[in-house]
Amino acid sequence: MKKFLCVLVVLSSIFCSAIYASDTHSKTEENEEAFDPTELIMHHISDSHVWHVVSWGEGENEKHIEIPLPIILINDGTFHFFLYSEFDHDTHIAESKGSYFFYHHGKIYNTDKHGNVEYDSDHHIINSKPLDFSLKRNVWSMWISIVIMIWVFTSVAKAYKGGPAKPKGAQSLFEPIIQFVNEDIITEQIGAEKGPKFAPYLLTVFFFIWFNNILGLVPFFPGGSNFTGNISVTMVLALITFFITNINGSKSYWKHTLTAPGVPFFVKVLLVPVEIIGLFTKPFALMIRLLANITAGHIIILSLVSLIFILKTIYISPVSILLTLVMFVLELLVAALQAYIFTLLSALFIGMAVEDHEH
Amino acid sequence: MDFLLTPDPGLVFWTTISFAILAFILKKFAWGPILHALNLRNETIEQSLKAAERAKVEVEQLAITRQEMMDDAKNERDDLLKETRELKDKILAEARSGANSEADKIIESARKQIEAEKSAAIKELKKQVAELSVDIASLLIETELKDDNKQKAIIDKYLDNVNFN
């Protein structure tokens, strides 16, 4: 409890100082630029080629601490490796192996030495884009969570060496969760016989989503990335579930899906396409559910903080902080809940697919 | 806003690779050992509980056996005590009757002896009486032979005094 209070005090003091700084900021530059919460929020929840740590100062004295991340591009079969800092501060052009790249709003375009870009009528750049395999912020955030997970779970596994004993330390924290996932999700949905085959994937996906959700809620470096709210990530996870489900589908599952036994022919004509569409809507729902929940949480928290800058008064900050705190607590629940739901539904789909007996 | 719903090939690529490696490492170094240990512990607990149940039944059985043995011993002791008491009573009774007959015998023999002593004493007395009579007679003869009547009276008087009993 004491620790919790300490953290609370530190966090609120950070908030307050941030509020104070921005309060003066908004007063002095009121006429120059209006605060745009949409841009701030979108910038936060999207991926980035640079990891912004902290900024301070104003006007010409404004200082940023940013970590330039490695850029990896494939253009016409040639690999290009360089850091984000290669992009010129003013012109946003970088040169690598004789090719020129132009950086604009999180995207990298091919260009020439002078940085010529062509726009269409909607003011969108129509220059060709190289394949961008850069190690962006989300990748590093994921790697941090992976390192933490490997460290945590291998040390938990080590505690089991030397025969059955009373759990202690991290072991006693994670054992009930591992057992919950293993017994109440995997064994319950897939069965004791076939469950163990899928347990490693489902356990990994549960903790992967949970750890990354929590890391995304940490409001300072190296947390705060909207990793599990990124469609690329949820798509990969949903696709893995999709492939595991359908590769391990039993005969009766495919028979049930493709021929809908036991229903009249005219119903079959309707039912079979629906079943086939259902194969794809299940992982699609998994993908959208996780993405939407996590992104929504980030947007709400950022909106509540932005309230102070929108209303341009420091007096709203207690309300903002209180609501933000409530949202943080709720998001901690959602972080675990979404991991649970994703794992439960994956286990449910796999369980339905591997079931052997006839319906 | 379109970035929200447009997958980024780079992130898809890195996520896929990283997740696959993570799943592999955790399967080999975490989930495998942990789930194995948990199963092992579950089995151990189950076996221990069963063993405890068996031991409990055994203990109960032992308690019953002990109770039975104790009951047997108690019964045996009671029997022994009863027998002993009877034996004691018997011995006492025998001893008492033996003593009585012995006492009777002794009393009888004592009475016989007394009887014998008595008759012997009477004999002795008669003898002494005769001697005394003779002595008295001789005395009378020596001293008072003058008056016949007187003599007769004296003799009668002494004879009356000498009662044979």
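This is a predicted model: local features need pLDDT of at least 70, side-chain atom pairs count only at pLDDT 80 or more; totals for chains, interfaces and linings use all residues.
Trainee: How many helices and strands does chain A have?

Mentor: Helices (H or I, at least four residues) and strands (E, at least two) are DSSP runs, numbered from the N terminus. Chain A has nine helices and eight strands.

Trainee: What span does helix 4 of chain A reach?

Mentor: The expected span of a helix is 1.5 Å times one less than its number of residues. Helix 4 of chain A, with 21 residues, reaches 28 Å from its first C-alpha to its last, close to the expected 30 Å. Just after this helix, Gly191(A) has a positive phi of about 105 degrees.

Trainee: Why does Phe174(A) count as buried?

Mentor: A residue is buried if 20 or more other C-beta atoms lie within 10 Å of its own, exposed if 12 or fewer, and partly exposed in between, with C-beta atoms placed from the backbone. Phe174(A) is found in helix 4 of chain A, and it counts as buried because it has 20 C-beta neighbours inside 10 Å. Other buried residues of helix 4 of chain A include Ile178(A), Asn182(A) and Gln189(A). In chain A, buried residues make up 31% of the 359 residues.

Trainee: How is the packing of helix 4 of chain A against helix 5 of chain A to be read?

Mentor: Axes are lines fitted to C-alpha atoms, for helices over the stretch in contact, and angles run from 0 to 180 degrees between N-to-C directions. Angles under 35 degrees count as roughly parallel, over 145 as roughly antiparallel, 65 to 115 as roughly perpendicular and the rest as oblique. Helix 4 of chain A and helix 5 of chain A pack at about 130 degrees, with axes 10 Å apart; helix 4 of chain A is therefore oblique to helix 5 of chain A.

Trainee: Which residues of helix 4 of chain A meet helix 5 of chain A?

Mentor: Two residues are in contact if their C-beta atoms, placed from the backbone, lie within 7 Å. Among the residues of helix 4 of chain A that meet helix 5 of chain A are Ile178(A) and Thr187(A), and the partners in helix 5 of chain A include Gly195(A) and Phe206(A). For classes, Ala, Val, Leu, Ile, Met, Phe, Trp, Tyr, Cys and Pro count as nonpolar, Asp, Glu, Lys and Arg as charged, and the others, Gly among them, as polar. This contact has 10 nonpolar, three polar and no charged residues.

Trainee: At what angle does helix 4 of chain A pack with helix 9 of chain A?

Mentor: The angle with helix 9 (residues 317-354) of chain A is about 30 degrees, and the axes are 7 Å apart. Helix 4 of chain A is therefore roughly parallel to helix 9 of chain A. Val181(A) and Gln189(A) are among the contributors from helix 4 of chain A, with Thr343(A) and Val354(A) among those from helix 9 of chain A.

Trainee: How many residues of chain A are in contact with chain B?

Mentor: In chain A, 37 residues are in contact with 31 residues of chain B. Helix 3 of chain A gives the most to that side of chain A, with 11 residues. By class, the side has 24 nonpolar, 10 polar and three charged residues.

Key. Residues are numbered from 1 along each chain as its sequence is written. Chains are lettered from A and ligands numbered from 1 in the order in which they are written.
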